[in-house]
Amino acid sequence: MLLGRTNAGIALLGHSGMTRFELAYEENPIQWWAEGNWNGTRVFSQKFPYPAMAVEDLLARVLNGGQCGRCHRTTVVGIIVDGDYCCFTLVAEDLDDDGKYRYIRTCEVEGDEVGRRGTG
Ligand SMILES: [Zn+2]
């Protein structure tokens with residue numbers, strides 16, 4: 001259930017410098033949360049009915065307002081913002097329920113466009 005989104009989020013957390021990651025839940029009603037160590041502090045998501053939402057909330061807490069290691073612009077996750085931001089957006093490579101998802105950065109998309117223009 002939303003496994004592809006959950007996995008894409010965990011992969012991006014791994015690339016963001018998170019040194020410990022845990023996904024946990026409690027029952028009645030079922031509520032998921034994610035937590036980890038990042039930049040010397042423990043960070044927690046809020047509680048959600050699906051693990052993907054917990055992972056995406058933790059991602060936003062870690063990456064919103066950070067700096068892209070590639071283009072050095074301010075980062076934001078999940079939404080595309082006009083202006084001088086580097087936005088991590090989720091793209092689906094397969095629309096099955098457990099399809100393959102990954103995050104792509106604004107500067108990676110721009111790089112692709114420049115590449116296509118260059119080769120004409
Ligand atoms: Zn960037």
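**A first stop: G69**

Let's begin in a loop: G69 lies between α2 and β4. Helices (DSSP runs of H or I, at least four residues) and strands (DSSP runs of E, at least two) are numbered from the N terminus. This is a predicted model, in which local features need pLDDT of at least 70 and side-chain atom pairs count only at pLDDT 80 or more, while totals for chains, interfaces and linings use all residues. Residues are numbered from 1 along each chain as its sequence is written.

**Around G69**

- S16 is 53 residues away from G69 along the chain, and the C-alpha atoms of the two are separated by 9.4 Å.

**The overall plan**

- The protein has 3 helices and 6 strands.
- Read from the N terminus, the elements follow the order α-β-β-β-α-β-β-β-α.
- Of the 120 residues in the protein, 28% are buried.
- Two residues are in contact if their C-beta atoms, placed from the backbone, lie within 7 Å.
- Among the contacts with a separation of 6 or more, 30% are between residues 24 or more positions apart.

**The helix α2**

- α2 has 13 residues and reaches 18 Å from its first C-alpha to its last, close to the 18 Å expected at 1.5 Å a residue. The expected span is 1.5 Å times one less than the number of residues in the helix.
- Why can α2 be called largely enclosed by the rest of the structure? The reason is that 11 of its 13 residues are buried.
- The buried residues of α2 include P51, M53, E56 and D57.
- These buried residues of α2 pack against α1, β1, β2, β3, β4 and β5.
- Just after α2 comes G65, with a positive phi of about 85 degrees.

**The nonpolar core**

- A nonpolar core is a set of buried Ala, Val, Leu, Ile, Met, Phe, Trp, Tyr and Cys residues joined through C-beta atoms within 7 Å.
- The largest such core has 22 residues, of which L13, A54, V55, L58, L59 and V62 touch the most other members.
- At least two residues of this core come from each of α1 (3-15), β2 (31-38), α2 (51-63), β4 (74-77) and β5 (85-92).
- Which element gives the most to this core? That is α2, with 8 residues.
- Leaving aside residues up to four places away in sequence, L58 touches L13, A34, G36, V43 and S45.

- Strands of a sheet pair through backbone hydrogen bonds, either parallel or antiparallel.
- Here, two strands pair if DSSP finds at least two bridges between them.
- 3 strands form an open sheet in the order β1-β2-β3, with antiparallel pairing.
- β1 (20-26) and β3 (41-44) stand at the edges with a single partner strand each, so one side of each is left without a neighbour in the sheet.
- Neighbouring strands of this sheet are turned by 20 degrees against each other on average, direction ignored.
- β1 and β2 run antiparallel and are joined by 7 bridges. E26 has Q31 in β2 as its bridge partner.
- α2 lies across β1, β2 and β3, at about 30 degrees to β2. Such angles run from 0 to 180 degrees between N-to-C directions, and the axes are lines fitted to C-alpha atoms, for helices over the stretch in contact.

**The sheet β4-β5-β6**

- Another 3 strands form an open sheet in the order β4-β5-β6, and here the pairing is mixed.
- β4 and β6 stand at the edges, each with a single partner strand, so one side of each lacks a neighbour in the sheet.
- From one strand to the next, the twist averages 25 degrees.
- β4 and β5 run parallel, joined by 4 bridges. T74 has Y85 in β5 as its bridge partner, and V77 stands opposite F88 in β5.
- β5 and β6 (residues 101-105) run antiparallel, joined by 5 bridges. The bridge partner of T89 is I104 in β6.
- α1 lies across β5 and β6, running at about 45 degrees to β6.

Technical notes: A residue is buried if 20 or more other C-beta atoms lie within 10 Å of its own, exposed if 12 or fewer, and partly exposed in between; C-beta atoms are placed from the backbone.
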